[in-house]
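Please examine the sequence and the structure before reading on.

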Amino acid sequence: MKKPSGDNGAPEPRLYRVVAERVQQLIQEEQLAPGARLPAERELSAKLSVSRASLREALIALELGGVVEVRGGSGVYVCEQPLPAEVPETGPGPFEVLAARRLIESEIAAIAAKVATAAQVDAILRAVEDMERHHEDRASNEQADRNFHLAIARATGNTAFVGVIEYLWNNRGSLWHKLKEHYQTEELRLETLPDHRKILEAIAARDPAGARHAMRAHLERVTRTFSRG
């Protein structure tokens, strides 16, 4: 089979790496000295013709690479180091993972609402209660959140779905955690508690459409917060 023109078999570079390289070029072209502040997100995304979500992923990748420093409430500053620096490869970007989760987990929740056993609904309930109980303990809350999403996948009776959720969860790597560190608010954490309850209630009520909608709304809320702040 003939390869498409220009296809050398190499994978396409991830968008956040492309945007990160463009940010580095801008730093060089505008001769921004170490310690200088980059333009505001809105201005920078317009200048580069990219979404704020893609820009945020790129800035976080550059922060992990030691190129810039993201200071909450202040802005993004050039670090005290020579340019250019290598942008680290950190796997799928956070918004790639969230997009996949919105599509896949919404359907998984709908299937769980159709076929979950009483014991499986109880397992989802325990995970919700653990999230609520450990709200102030970030590590325990995160583990309970993971257990919640896996419990829903298990409730479908399909082990392939469980594997997919584990894969997506495990791809919440350094880029995700740094993004979360900068942009997850206490307001978002409080709003996601009733989100999880709504998903549970729809599954327990055998309401596939309601479960699908509740899961999608939950993940859309997270996406909005991380992309817009």
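## Helix packing and pockets

Val121, Ile124, Leu125, Val128, Glu129, Met131 and Glu132 in helix H5 meet Leu193, His196, Arg197, Leu200, Ile203 and Ala204 in helix H9, where contact means heavy atoms within 4.5 Å. The model is predicted: local features need pLDDT of at least 70, side-chain atom pairs count only at pLDDT 80 or more, and totals for chains, interfaces and linings use all residues. Residues are numbered from 1 along each chain as its sequence is written, and side-chain values use heavy atoms, with hydrogens and water left out.

Helices (H or I, at least four residues) and strands (E, at least two) are DSSP runs, numbered from the N terminus. Two packed helices are described by the angle between their axes and the distance between the axes. Axes are lines fitted to C-alpha atoms, for helices over the stretch in contact, and angles run from 0 to 180 degrees between N-to-C directions.

| Helix pair | Angle | Distance between axes |
|---|---|---|
| H5 (residues 118-133) and H9 | about 170 degrees | 10 Å |
| H1 (residues 15-29) and H3 | about 70 degrees | 8 Å |
| H3 (residues 52-64) and H10 (residues 208-228) | about 65 degrees | 8 Å |

Angles under 35 degrees count as roughly parallel, over 145 as roughly antiparallel, 65 to 115 as roughly perpendicular and the rest as oblique. H5 is therefore roughly antiparallel to H9. Their contact comprises nine nonpolar, one polar and three charged residues; here Ala, Val, Leu, Ile, Met, Phe, Trp, Tyr, Cys and Pro count as nonpolar, Asp, Glu, Lys and Arg as charged, and the others, Gly among them, as polar.

H1 and H3 are roughly perpendicular to each other. Leu15, Tyr16, Val19, Ala20, Val23 and Gln24 of H1 touch residues of H3, including Leu55, Ala58 and Leu62.

On the H3 side, Arg52, Ala53 and Arg56 make the contact, and on the H10 side Thr225, Phe226, Ser227 and Arg228. Two of these residues are nonpolar, two polar and three charged.

Open space is considered next. On a 1 Å grid over the protein atoms alone, a pocket is an open set of points where a 1.4 Å probe fits, with protein on both sides within 12 Å along at least five of seven lines; lining residues have an atom within 4 Å of a point. The largest pocket has a volume of about 350 Å³, a volume being the space filled by probe spheres set on the points, which are joined across faces, edges and corners. Of its 21 lining residues, Asn141, Glu142, Asp145, Lys180 and Gln184 lie nearest the centre.

The second largest pocket contains about 240 Å³ of space. It is lined by 19 residues, with Glu41, Arg71, Gly75, Val76 and Tyr183 nearest its centre.
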